[in-house]
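Please look over the structure below before reading my comments.

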Amino acid sequence: VKPLLGTLEYGLPNDQLQEGIAAALHYRNADDPQAVELQTLLAELGPARALAQVTGLDAESEIVAAIVARYQAL
């Protein structure tokens, strides 16, 4: 997420970073505690709030909405 924050700060394109983050939200691995935790957050909070919680981004921001839209499209 840190590279994404840099693009936001400097007004640079970030479509591929959004796509990568959206894809990462789909990662599943029962042997990976962080993956399990993320999937639990997604199930409990939904993608926008889960993304906000793990990244510090504002759940109501345009960038989170864009990433969630990509997540749902995958």
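1. The model is predicted. Its secondary structure consists of 5 helices and 0 strands. Followed along the sequence, the pattern reads α-α-α-α-α.

2. On overall size, the C-alpha atoms fill a box of roughly 35 × 20 × 20 Å along the principal axes. A compact globule of 74 residues would have a radius of gyration near 11 Å, and the protein has 12 Å, which agrees.

3. How much of the protein is buried? Buried residues make up 34% of the 74 residues.

4. Contacts across the sequence deserve a look too. Of the contacts with a separation of 6 or more, 43% are accounted for by residues 24 or more positions apart.

5. Now to helix 2 (residues 15–24) and helix 5 (residues 62–73). Their axes come within 8 Å and cross at roughly 60°. An angle of 65 to 115 degrees would count as roughly perpendicular and one under 35 degrees as roughly parallel; helix 2 and helix 5 are therefore oblique to each other. The crossing of helix 2 past helix 5 is right-handed.

6. Which residues meet where helix 2 and helix 5 touch? From helix 2 come Asp15, Gln18, Glu19, Ile21 and Ala22, and from helix 5 come Ile63, Ala66, Ile67, Arg70 and Tyr71. By type, the residues of this contact divide into 6 nonpolar, 1 polar and 3 charged.

Note on methods
Residues are numbered from 1 along each chain as its sequence is written. This is a predicted model: local features need pLDDT of at least 70, side-chain atom pairs count only at pLDDT 80 or more; totals for chains, interfaces and linings use all residues. Side-chain values use heavy atoms; hydrogens and water are left out. Axes are lines fitted to C-alpha atoms, for helices over the stretch in contact, and angles run from 0 to 180 degrees between N-to-C directions. Helices (H or I, at least four residues) and strands (E, at least two) are DSSP runs, numbered from the N terminus. Angles under 35 degrees count as roughly parallel, over 145 as roughly antiparallel, 65 to 115 as roughly perpendicular and the rest as oblique. A crossing is left-handed if the near helix is turned anticlockwise from the far one by less than a right angle, and right-handed if clockwise. Contact means heavy atoms within 4.5 Å. Ala, Val, Leu, Ile, Met, Phe, Trp, Tyr, Cys and Pro count as nonpolar, Asp, Glu, Lys and Arg as charged, and the others, Gly among them, as polar. The radius of gyration is taken over C-alpha atoms; the globule rule is 2.2 Å times the number of residues to the power 0.38. Buried means under 20% relative accessible area, exposed over 50%, partly exposed in between (1.4 Å probe, protein chains only).
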